[in-house]
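Grab your viewer and work through them in order.

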Amino acid sequence: MVGGVILIALYLVALFAGFIAPYGYERQDRDRFFHPPTWPRLAGFHLAVPRYEQLPGNFNYRAVPGDLKPIHFLVQGDKYKLFGLIPATIHLFGTGDVNYPVYPLGTDQFGRDVLSRLLCGSQISLSIGVVGILLSFTFGMIIGGISGYFSGTTDTVIMRLCELVMSIPALYLIISLRAAFPPGMSSAQVYAMIIVILSFIGWASMARVIRGMTLSLREQQFVLAARALGQSHLRVIVRHILPNTFSYVIVAATLSVPYYILGEVVLSFLGVGIQEPNASWGNMLTAAQNTEILRNFPWLLAPGAAIFVTVLAFNFLGDGLRDAADTKSL
Amino acid sequence: MNLLEIKNLKLDFGSGAEALRAVDGVSLAIGAGETVCLVGESGCGKTVTALSIARLVPAPPANYVGGEIRLYGTDVLKMSGEALRNIRGGVVSYIFQEPGAALNPVFRVGSQIKESLKLHLPEKANDAEVIRLLKLVGIPAPESRLRNYPFELSGGMQQRVMIAMALASEPKLLVADEPTTALDVTIQAQILELLHELKQRLGMAILLITHNLGIVGDMADRVAVMYAGQIVELSPAKELLRRPLHPYTKALMASVPKLRGDAARLSAIPGNVPRIGNFPPGCRFAPRCPIAKPECSKAVPELVEVEAGRWVRCPFWKSP
Amino acid sequence: MPVLEITMSLLEVKNLKVHFPVKPGMFGRVHEFVKAVDDVSFSLEPGETLGLVGESGCGKTTLGRAIVRLVEPTAGSVLLDGEDITRMSGSLLRARRRTFQMIFQDPYGSLNPRMTVEQIVGEALDIHKLTDSSSARRKRIAELLQAVGLDPIYAQRYPHEFSGGQRQRIGIARALAVEPRLIICDEPVSALDVSVQAQIINLLRDLQQQRGIAYLFIAHDLAVVEHISRRVMVMYLGKIVETADAKTIIREPQHPYTQALISAVPEVDPETKRQRIVLPGDVPSPIHPPPGCPFHPRCPIAEDRCRTEFPSLRDTALEHRAACHLAGTKITAVAPAA
């Protein structure tokens, strides 16, 4: 339940990322590299943000007390496209004043607002998970269903194929597959490529499990009854066998999404996934590798926290769904 | 003092507002060496009643809300954990419907029987005793059977092993919950024959749960018929079969096809067996009863002794 | 001279064999078979009920499924109205499936838990395109539900909302939807409460009277089979060992196994204190049936001939056939070797 609520919130935020984020993901503030989070203070009835001045030394900033600028809602700002389609410039909050920037999570090494990049990156990281499992699970279910229903040579061939795919260590498979793609692809192509790669790894284990369930469901009397009526094989699989695997599939799906998200994170972290300047939680974390940087600028770990929350939420949701499915089948 | 006396047992599943009463005021006594059959259909509470004798029903979710179960005078429902473990096997033993499920598949048959011996008669926990028990239940070549795993045995053999396990501790009462329902009819005949013989040889009392009235005729001294959590008729077996008194018993007997019977249309009991939590008000059989009157649904009839040793829960039992 | 009009049997099974290979592992060759059905022949007339009894492992369920081609026969033929359906496939077979249907034993497993009653019964109509509009379809489904004693309001409910007896009725409605002339009933009442069994048995009889459907009634309960069938066949280890009129087979069983089966049935009538014939041992494995007569290891009257010579099913009396060298010998009570 908790997991479900958190996830709905996360996805809604991702949907409106461009609007909620105070700045565009590419916008660089060259005066403010590694700027700490600008915590708002209370000034009268408004939330206000202080001005920061730069101190001598590397990337040292200090808030100037008393010099505050209130934060307004629905301010004009950088251009972006809502839902990727509608051009807009309104943002949820901001000061409208360049000298009083609002960086709730600070900036990164290029002076870009971490929160904005986090929100824009969420669109990519969260959607890859969902689209990925949809693809791989649908494919896995059909293959598994066919394999279990027909048995014999078909089954043997398909299962050996599955085992082949599953026996290759996922990480190396991901990297090798990535290497098979040409460099210099557009970001949309990179996005599609990542989904295809991750799906390719995921379908095999689903196919195996569905095949096992099909083997036992096939002997159920209601399946025999459908065959006795003269139902075609394909319809028997799709109408009778697969729907009875849903309770397992839904749970497995929710518990697998984190792996897809992490898959994208790994790819981007290694530099072979989502490329700069596009933001994704994975490539944002590449900046956070250095312990020096981490010690001084810990807000760069924000994507890690976001990943943590998301994965946890999916696990809670999956557990909850599994419990709900159990009682229904009693 | 009777071996077993169940007095007004009441058992709920769940508690508070959502409690579902599974056993509603059941009273039954069994004397030493007696065979009593508990007859009823699914959901009537017969299994739960039988399991309660050794307090085997997991509580929660079960809740004993009334009555007592006295084994040799001591109330089982108030016993401590250690006393309970002693009577389980020591005084009361169980055999169940699915022998394959009741035997642990990863242990050999011999060691499972020995386990029972170790708990109650440790001085006899040896191979010789196990072989004696296997012979007692009619398993051929018991010396080699010792080392078999349950899956290597047929259904009938598994049931015999379960009986051997139950008897190992020399119980005074054997509770058999539908022991032959899952077996073929020729194997069923073997097992019933075996139980009959063991009863005579060992002087054991048997509580036999079944839904098959034919078995009652073969095996029972007395019969209790249960419906929807209550006993509706209690009587010596021959009397009941010759002349049933409760409308449910009569209807049940009329609806079962008999061998060599005529091919006339069976008089089926209309409706469905009520499930726990959905018991009708008043007499629980009234909605399906051929002689039901309006007052039957107003109050639950009492179980009354209408002839010597014959109890019926129906004020209109005299009607044809 | 009057000409004998020979009407064609509705169903004729000839030398049917269903042998399942015993899987030897990945590389071994198959040389062992489970002879589930071993050379079975019989016929069934329109509107007749033929009972098939036997214990577990005798092959009766496999026989039923082979006739409906849910299991492929290894050899032999199944003639429906004279046409051999074992040679058919594809749309021709599908069309023929309207003639024969099956109802199953497990009321909880024979209905798809994710489909409503309407979908379950409607599927039959849809496969064979029996209705041409959705209102006609709804009407037909309502008719079918009423025919089996269910209120049509229940059409939108799911199987788990019904009791065992009601589910069995839904299964019967599904089978009736295609208007079959033959229904194979595979233990249709064994899994039901005793008080409900009679309802379903009566329903099946009523439907037969109204629609002239023939039944192959497979069960292990002799009393039920005797009650509903006109003729009865007894199966043991894949073979038919006796077949006769229902009353006759109970009153004058000729095969020792039939006699043992009958005497093993617990009787409700307390007056009949008859002696039981208790067979020793267990049903042997269908992979290695004994030589000669398959029943001889358990038979109380087996002779040397029985161990070596296989007794074929032959006429022993009018309309009565048994597969036994010593058919007709009455066995008295036998207690098992202790």
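A polar contact here is a pair of N or O atoms within 3.5 Å; within protein, one must be able to donate a hydrogen and the other to accept it, and residues adjacent in sequence count only if both atoms are side-chain atoms. This is a predicted model, where local features need pLDDT of at least 70, side-chain atom pairs count only at pLDDT 80 or more, and totals for chains, interfaces and linings use all residues. Residues are numbered from 1 along each chain as its sequence is written, chains are lettered from A in the order in which they are written, and side-chain values use heavy atoms, with hydrogens and water left out.

**Exercise 1.** Find how many residue pairs are in polar contact between chain A and chain C.

*Solution.* Start with contact (heavy atoms within 4.5 Å): 18 residues of chain A meet 24 residues of chain C. Then apply the polar rule, which gives 13 residue pairs, both residues at pLDDT 80 or more.

**Exercise 2.** Work out which elements of chain A give two or more residues to the side touching chain C.

*Solution.* Take helices as DSSP runs (H or I, at least four residues), numbered from the N terminus. The elements are α7 (221-229), α8 (233-241) and α9 (246-269) of chain A. Of these, α7(A) gives the largest share, eight residues.
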